[in-house]
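Welcome! Take a look at the sequence and the model below, and keep both in view while you read.

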Amino acid sequence: MSTSAASTRRDPPVDPRGVRFSASVTTVVLALVLITDSGLLLAAQTVVFAFGSIAGLRFAPYSVLFRVLVAPRLAPPTQREDAAPVRFSQTVGLVFAVVGTAGYLGGLTVLGVVATAFALAAAFLNAAFGFCLGCEMYALIARFRKTNQQGATT
């Protein structure tokens, strides 16, 4: 079974409004990290990314907040998105957050700032414009894998 099939099976399709809500909260947290140079706050965001990446989107803290506090006040979603690309984007965020946390807590502040700034840029694009950079990377990788698999079988 492929990784994307396993992710899709564990995670039902997601409400895109929830994805943007999560990106908005992440944007605020990462901006606060840059303002305060707080490696501990980035470590907390790293845990949030880890839940979404490893445990699944339905267990991600910001997803839970959206589902419990925000979604009941909204009309039902008119569309849903595949969860696999969103989960992949959580993994990309996790990687940048781990590097940033290591930088901040290890005394390499510049590394912490750069890694956090990259994660912030991606979160902001999703929050403000609905453009999920990690989701686009997921689609690009999927196309590349499909092309390579077809080339190997011909």
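Helices here are DSSP runs of H or I that span at least four residues, and they are numbered from the N terminus. With that rule, Ser63 is found in helix α4. Please remember throughout that this is a predicted model.

**The largest pocket**

- Rolling a probe the size of a water molecule over the atoms shows where empty space is left.
- The largest pocket holds about 770 Å³ of space.
- Its lining is made up of 40 residues, and those nearest the centre are Val19, Ser22, Leu57, Val86 and Gln90.
- Two or more lining residues come from each of the helices α2 (16-36), α3 (39-55), α4 (61-70), α5 (83-105), α6 (109-129) and α7 (133-153).
- Helix α6 gives the largest share of this lining, with seven residues.
- Sorted by class, the lining of the largest pocket contains 25 nonpolar, 10 polar and five charged residues.

**Salt bridges**

- Side chains of opposite charge can pair when their charged atoms come close.
- How many salt bridges are there? The count comes to two, using a cut-off of 4 Å between a side-chain nitrogen of Lys or Arg and a carboxyl oxygen of Asp or Glu.
- Arg87 and Asp11 are both buried.
- Another salt bridge brings together the side chains of Arg17 and Asp15, at 2.8 Å from N to O.
- Is Asp15 buried or exposed? Asp15 counts as buried because its relative accessible area is 9%, and the cut-off for buried is under 20%.

**Nonpolar cores**

- Which residues form the largest nonpolar core? There are 10 of them: Leu30, Val33, Leu42, Phe49, Leu94, Ala97, Tyr104, Ala119, Leu120 and Ala123.
- Helices α2, α3, α5 and α6 each give two or more residues to this core.
- A second, separate core has seven residues, among them Val14, Val19, Leu57 and Cys132.
- Within the largest core, pick out Leu94. Leaving aside neighbours within four places in sequence, Leu94 is in contact with Thr46, Phe49, Ala50, Ser53 and Ile54.

**Residues in helix α2**

- Thr26 is part of helix α2.
- With a relative accessibility of 6%, Thr26 counts as buried.
- Apart from neighbours within four places in sequence, Thr26 is in contact with Gln45, Phe49, Tyr62 and Ala123.
- Ser22 also has its place in helix α2.
- Why is Ser22 called buried? Ser22 is buried because its relative accessible area is 12%, and buried means under 20%.
- Not counting residues up to four places away in sequence, Ser22 touches Tyr62 and Ser63.
- Along the chain, Ser22 and Cys135 are 113 residues apart, and their C-alpha atoms are separated by 14 Å.

**Residues in helix α4**

- Back in helix α4, look again at Ser63. With residues up to four places away in sequence left out, Ser63 touches Ser22 and Leu57.
- Ser63 and Arg73 are 10 residues apart in sequence, and 15 Å lies between their C-alpha atoms.
- Val70 is placed in helix α4 too.
- At 24% relative accessibility, Val70 counts as partly exposed.
- Val70 and Phe21 are 49 residues apart in sequence, while their C-alpha atoms are 9.0 Å apart in space.
- Val70 touches Phe21 and Leu65, if residues up to four places away in sequence are not counted.

**A backbone detail**

- Most residues other than glycine have a negative phi.
- Asp37 has a phi near 55 degrees, which is a positive value in a residue other than glycine.
- Where is Asp37 found? Asp37 lies in the loop between α2 and α3.
- The relative accessibility of Asp37 is 42%, so Asp37 counts as partly exposed.

Definitions and conventions. Residues are numbered from 1 along each chain as its sequence is written. This is a predicted model: local features need pLDDT of at least 70, side-chain atom pairs count only at pLDDT 80 or more; totals for chains, interfaces and linings use all residues. Side-chain values use heavy atoms; hydrogens and water are left out. On a 1 Å grid over the protein atoms alone, a cavity is a set of points where a 1.4 Å probe fits but cannot get out, and a pocket is an open set with protein on both sides within 12 Å along at least five of seven lines; lining residues have an atom within 4 Å of a point. Grid points are joined across faces, edges and corners, and a volume is the space filled by probe spheres set on the points. Ala, Val, Leu, Ile, Met, Phe, Trp, Tyr, Cys and Pro count as nonpolar, Asp, Glu, Lys and Arg as charged, and the others, Gly among them, as polar. Buried means under 20% relative accessible area, exposed over 50%, partly exposed in between (1.4 Å probe, protein chains only). A nonpolar core is a set of buried Ala, Val, Leu, Ile, Met, Phe, Trp, Tyr and Cys residues joined through side-chain atoms within 4.5 Å. Contact means heavy atoms within 4.5 Å.
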